[in-house]
Amino acid sequence: MHIRNVRPEDAGEICRIYNYYIETTCISFETEPVSEEEMKDRIQSFIEGECLYYVVEKEGKMIGFAYMHPWKERRAYSYTKEVTIYLDHEQKGKGVGTVLYRYLLERVDTSRIHSLIAAICIPNDASVRLHEKFGFRQVSHYKEVGYKFGEWKDVGHWQLILGKDVSLNK
């Protein structure tokens with residue numbers, strides 16, 4: 001496996017992976033497939049926003065991606081980020097998520113980031129296991145906050161406190 005920074009030209013492969021979840025699962029609360037152009041814009045905004053965004057490849061084929069982005073817009077939230085991971089659905093359960101998430105988490109600047117949040121549609125046992133493997137703990141459970149495929153869906157938040165060395169003067 002090879003992990004690298006995302007590039008705008010990855011948009012097509014990211015759409016292939018992500019749109020599967022939009023169209024067939026409740027893991028993403030988006031309801032319409034994302035176009036390659038829209039995904040390029042999203043990737044570009046993350047790059048310009050200095051967000052961590054990585055893709056993982058195996059034998060030259062993209063098999064997953066993970067990124068970190070602002071959790072909320074207000075200034076006081078700037079030390080908290082949200083993390084997201086998606087794998088090619090055929091790669092689930094093969095350890096790819098563990099390798100990719102470890103790579104992402106090892107690159108978080110704890111002098112600027114204190115807390116990470118992961119939002120998970122419940123139930124999603126695989127995602128819960130992955131996050132808890134890295135020390136995330138469930139801190140919320142919202143009932144029936146999303147509606148997809150004719151059903152109300154719950155969402156939980158898992159949080160990881162990174163450390164106390166955040167410089168609040170930056």
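Tyr-142 lies in strand 6, residues 137–148 (strands are DSSP runs of E of at least two residues, helices runs of H or I of at least four, numbered from the N terminus). The model is predicted: local features need pLDDT of at least 70 and side-chain atom pairs pLDDT 80 or more, while totals for chains, interfaces and linings use all residues. Residues are numbered from 1 along each chain as its sequence is written, and side-chain values use heavy atoms, without hydrogens and water.

**Surface**
- Tyr-142 is partly exposed, at 44% relative accessible area (buried is under 20%, exposed over 50%, partly exposed in between; 1.4 Å probe, protein chains only).
- Together with Phe-29 and Val-145, Tyr-142 makes a nonpolar surface patch of about 280 Å² (patch residues have over 30% relative accessible area and no salt bridge, and nonpolar side chains are joined within 5 Å; a salt bridge is a side-chain nitrogen of Lys or Arg within 4 Å of a carboxyl oxygen of Asp or Glu).

**Strand 4**
- Leu-87 is found in strand 4 and is buried, with a relative accessible area of 12%.
- Between Leu-87 and Pro-70 there are 21 Å in space, C-alpha to C-alpha, and the two are 17 residues apart in sequence.

**Largest pocket**
- The largest pocket has a volume of about 960 Å³ (a pocket is an open set of points on a 1 Å grid, where a 1.4 Å probe fits, with protein on both sides within 12 Å along at least five of seven lines; lining residues have an atom within 4 Å of a point).
- Of its 41 lining residues, Ile-27, Ile-85, Tyr-86, Asn-124 and Ser-127 are the closest to the centre.
- The lining divides into 23 nonpolar, 11 polar and seven charged residues.

How values were computed: Points joined across faces, edges and corners; volume = space filled by probe spheres on them. Nonpolar A, V, L, I, M, F, W, Y, C, P; charged D, E, K, R; others polar. Patch = residues over 30% accessible without salt bridge, like charges linked within 9 Å, V, L, I, M, F, W, Y side chains within 5 Å. Areas by Shrake-Rupley, 256 points an atom, 1.4 Å probe, with all protein chains shown as cover.
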